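Student: Hi! Could you walk me through this model?
Tutor: Happy to, here it is.
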Amino acid sequence: MPYTNAVIHETQRYGDIVPAGLPHMTYRDTELQGYFIPKGTTVIANLSSVLKDETVWEKPHQFYPEHFLDGKSSRGLVTGRRVCLGEQLARMELFLFFTSLLQHFTFHLPEGQASSDKKSGFNLKASCSQRKTANLHLGSHSPV
Ligand code: HEM
């Protein structure tokens, strides 16, 4: 289970599906890391920079579930006052969805398919015990 959870968390980190937060507005003059931010400024957190931060992650540009095997699994849906209110629901749903897929299907690369084409993604075949198969295309939306 810890590794399954780590894979789910790493998929969210590496997939970077929410690259920026919601717009927020400063309610007073403030200073952050030497930058003056006047009251009324719209601020949008750059979440991609956090998820690929080279000072935080051991292998920021690789899919590496071990990032989440050290108990730091709360990263990803923001923290603090504006923490995602659906975090627990989203985590539970992702876990059930992912483990159900793995319980019912076997995923494998089609014959002759290279393991990964980093520019256009790669194809997968999913087959279940009733001999039904589906072809899936996993694409990358950002250069890796
Ligand atoms: C994997 C799924 C999800 C991801 C990646 C995600 C991500 C985020 C992020 C990054 C924020 C912070 C935005 C910001 O303030 O800059 C946020 C806030 C929020 N999320 Fe989610 N979310 C997910 C699922 C959900 C679900 C399922 C719900 C509701 C059932 C939900 C409800 C909210 C709400 C209400 C906020 C605003 C909290 C506030 O500003 O006080 N989220 N989410």
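Student: Where does UniProt place the feature "binding site"?
Tutor: The UniProt record, an unreviewed entry, puts it at C84; such positions follow the numbering used here, feature names are shortened, and annotations may be inferred rather than shown by experiment. The model is predicted, so local features need pLDDT of at least 70 and side-chain atom pairs count only at pLDDT 80 or more, while totals for chains, interfaces and linings use all residues. Residues are numbered from 1 along each chain as its sequence is written, and side-chain values use heavy atoms, with hydrogens and water left out.
Student: Which protein donor does the iron atom of the ligand have?
Tutor: Its single donor from the protein is SG of C84, 2.3 Å away. Donors are N, O and S atoms within 2.8 Å of the metal (3.2 Å for Na, K and Ca), and sites may look incomplete because water is not among the atoms.
Student: Is C84 partly exposed or buried?
Tutor: C84 is partly exposed because its relative accessibility is 34%; that class lies between buried, under 20% relative accessible area, and exposed, over 50% (1.4 Å probe, protein chains only).
Student: New topic: why does R91 count as buried?
Tutor: Because the relative accessibility of R91 is 18%.
Student: And how confident is the predictor in the complex?
Tutor: The complex gets an ipTM of 0.93 and a pTM of 0.79.
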